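Subject: Structure handover

Hi,

Here is the structure I promised to pass on to you. Have a look at it first, and then read my notes below.

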Amino acid sequence: MSKLFTLDEVAQHNSREDCWVVIFGKVYDATKFLEEHPGGDEIILKSTGKDVTAEFDDVGHSHEAWHILGGLYVGDVDKSNIKTEYAPAKLQLDPNRNKQDKTKAFIIKFFQFLVPFIILNVAFAFYSKS
């Protein structure tokens, strides 16, 4: 069973030497990851000791980022004394969501290249016959 922390307990870990964040109801110790974060340590430091679920979700982190989070996990948020629903309904804990979005983007870019290519080839074929 994982350790439970209140949001007040998490808020006490709010420095460069002791940096905790909450993402989707889980508590992570990001202290050792500060120097490795691709976006720089300032991004994490300005949110340390807080729930950063919305910010984490908005960025659309990679599968690798989700894997790294697993190594930083220290426990869960105790939701028993939180009066409102913890995470907004629109947020979904789905590490493959960003991968799906990238696939759609690839397909769109592929067709953006393919359609003009076909039109140019058809035009060239008609021009060559004339």
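What follows is a short tour of what was found in it.

First, the ground rules. This is a predicted model, in which local features need pLDDT of at least 70 and side-chain atom pairs count only at pLDDT 80 or more, while totals for chains, interfaces and linings use all residues. Residues are numbered from 1 along each chain as its sequence is written, and side-chain values use heavy atoms, with hydrogens and water left out.

**Overall layout**

The protein chain has five helices and five strands, where helices (H or I, at least four residues) and strands (E, at least two) are DSSP runs numbered from the N terminus. Along the sequence their order is β-α-β-β-β-α-α-α-β-α. Of the 130 residues, 30% count as buried; here buried means under 20% relative accessible area, exposed means over 50%, and partly exposed lies in between (1.4 Å probe, protein chains only). The chain exposes about 9,400 Å², with carbon and sulfur atoms supplying 60% of that area. Areas come from the Shrake-Rupley method with a 1.4 Å probe, and for residues only the protein chains shown count as cover. Among contacts between residues at least 6 apart in sequence, 71% join residues at least 24 apart, a contact being heavy atoms within 4.5 Å.

**The cores**

Which residues touch the most other members of the largest nonpolar core? They are Val 21, Ile 23, Tyr 28, Ile 44, Phe 56 and Leu 69, in a core of 14 residues. Strand S3 (18-23) and helix H4 (63-72) each supply at least two residues of this core. There is also a second, separate core of six residues, including Phe 5, Trp 20, Val 22 and Val 77. By nonpolar core I mean a set of buried Ala, Val, Leu, Ile, Met, Phe, Trp, Tyr and Cys residues joined through side-chain atoms within 4.5 Å.

Ile 44 is in contact with Cys 19, Val 21, Ala 30, Phe 33, Leu 34 and His 37, leaving aside neighbours within four places in sequence. Leu 45 lies in helix H2 and is partly exposed, at 23% relative accessible area. With residues up to four places away not counted, Leu 45 touches Ser 15, Arg 16 and Leu 34. Leu 45 and Ala 30 are 15 residues apart in sequence, and their C-alpha atoms are 9.2 Å apart.

**Two loop residues**

Thr 48 sits in the loop between helix H2 (41-45) and helix H3 (53-59). Thr 48 counts as buried because its relative accessible area is 8%. Beyond its neighbours within four places in sequence, the contacts of Thr 48 are His 13, Asn 14, Ser 15, Asp 18, Cys 19, Trp 20 and Val 21.

Phe 24 belongs to the loop between S3 and strand S4 (26-29), and at 12% relative accessibility Phe 24 is buried. Its phi is near 50 degrees, a positive value in a residue other than glycine. Most residues other than glycine have a negative phi.

**The salt bridge**

How many salt bridges does a search of the whole structure find? There is one, between Lys 26 and Asp 76, with the closest N and O atoms 3.4 Å apart. The criterion is a side-chain nitrogen of Lys or Arg within 4 Å of a carboxyl oxygen of Asp or Glu. The pair links distant parts of the chain, 50 residues apart: Lys 26 is in strand S4 and Asp 76 in strand S5 (residues 73-77). Lys 26 is partly exposed at 29%, whereas Asp 76 is buried at 16%.

Phe 106 lies in helix H5 (residues 97-129) and, at 56% relative accessibility, counts as exposed. Phe 106, Ile 107, Phe 110, Phe 111, Val 115 and Ile 119 form a nonpolar surface patch, with about 610 Å² of accessible area together. Patches are made of residues with over 30% relative accessible area and no salt bridge; like charges are joined within 9 Å, nonpolar side chains (Val, Leu, Ile, Met, Phe, Trp, Tyr) within 5 Å.

UniProt, in an unreviewed entry, lists residues 106-127 as "transmembrane region". UniProt positions are given in the numbering used here, feature names are shortened, and annotations may be inferred rather than shown by experiment. Over residues 106-127 the chain is 100% helix and 0% strand, with the end C-alpha atoms 32 Å apart.

Best wishes
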